[in-house]
Amino acid sequence: MICPCQMQQPQTKVYAQCCEPFHLGEVATTPEQLMRSRFSGFALGLTDYIAQTWHPSTRPQDLTLSPDDQWIKLDIVQTKPNWVHFRAYFNDPDSPSGWSVLDEQSNFINEGNRWFYVKGNTQIEHFFPARNDACLCGSSKKYKKCCQK
């Protein structure tokens, strides 16, 4: 299985060699690793993992997830110490194109040699792929030859 954080990337990794080790207890050594594994955790509905990697000071009390295949692509925009800017694309039936993007700048903290997600500055927008972009449906076709029709 391709790792959810690797979907629609030029060179993909399988789940067992990407995020699964973190989901099974390996500790992420960078905020980017943690953020990728959290994206995959959200996509796979791993409530316990998301809760364990969310700093207790900001973690919601009533966190319940289920597998969610609407998350279709993750792009890392920029990383800095304690910070990751990413875009997560998802199916959105309310968007004119059928797609939206969650743009987030996430803050992380390292305590006891473990990274934790603290909070994120988020914005959601409808997403309109350019004609020659790869279609987000996963067909490997250009958008103009696929879902734009």
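1. β2 and β3 form an antiparallel pair with nine bridges. Within that pairing, F86 has E104 of β3 as its bridge partner. The model is a predicted one.

2. The neighbouring pair comes next. Twelve is the count to note here: β3 and β4 are joined over 12 bridges, in the antiparallel sense. N110 faces W115 in β4. E104 has T122 of β4 as its bridge partner. S100 stands opposite H126 in β4. The turn between β3 and β4 is worth checking in the model. Two residues lie between the strands of this hairpin. G112 adopts a positive phi there, near 60 degrees.

3. Four strands make an open sheet in the order β1-β2-β3-β4, with antiparallel pairing. Why is one side of β1 and of β4 left without a neighbour? Both strands stand at the edges and have a single partner strand each, so one side of each has no neighbour in the sheet. On average, neighbouring strands are turned by 20 degrees against each other, direction ignored.

4. The helix α2 packs on this sheet. Which strands does α2 touch? The contacts are with β1, β2, β3 and β4. The direction of α2 makes about 165 degrees with that of β1.

5. The largest pocket holds about 390 Å³ of space. Its lining has 19 residues, and F42, W71, F86, L102 and E104 lie nearest the centre. At least two lining residues come from each of α2 (31–44), β2 (83–91), β3 (99–111) and β4 (114–126). By class, the lining of the largest pocket has 11 nonpolar, five polar and three charged residues.

6. The second largest pocket has about 220 Å³ of space. Which residues lie nearest its centre? They are P4, M7, D69, W71 and I72, out of 14 lining residues. α2 and β1 (71–80) each supply at least two residues of the lining of the second largest pocket. That lining divides into 10 nonpolar, two polar and two charged residues.

7. Last, the aromatic pairs. There are five in the structure. In one of them, the ring centres of Y89 and F127 are 4.9 Å apart and the planes stand at 70 degrees, so the pair counts as edge-to-face. Y89 sits in strand β2 and F127 in the segment after β4. The two residues are 38 residues apart, and their pair links distant parts of the chain.

Technical notes. Residues numbered from 1 in each chain as written. Predicted model: local features only at pLDDT ≥ 70, side-chain atom pairs only at ≥ 80, totals over all residues. Heavy atoms only, no water. 1 Å grid on protein atoms, 1.4 Å probe; cavity = no way out; pocket = protein on both sides within 12 Å on 5 of 7 lines; lining within 4 Å. Points joined across faces, edges and corners; volume = space filled by probe spheres on them. Nonpolar A, V, L, I, M, F, W, Y, C, P; charged D, E, K, R; others polar. Pairing = 2+ DSSP bridges. Axes fitted to C-alpha atoms, helices over the stretch in contact; angles between N-to-C directions. Contact = heavy atoms within 4.5 Å. Phe/Tyr/Trp six-rings, centres within 6.5 Å; stacked < 30°, edge-to-face > 60°.
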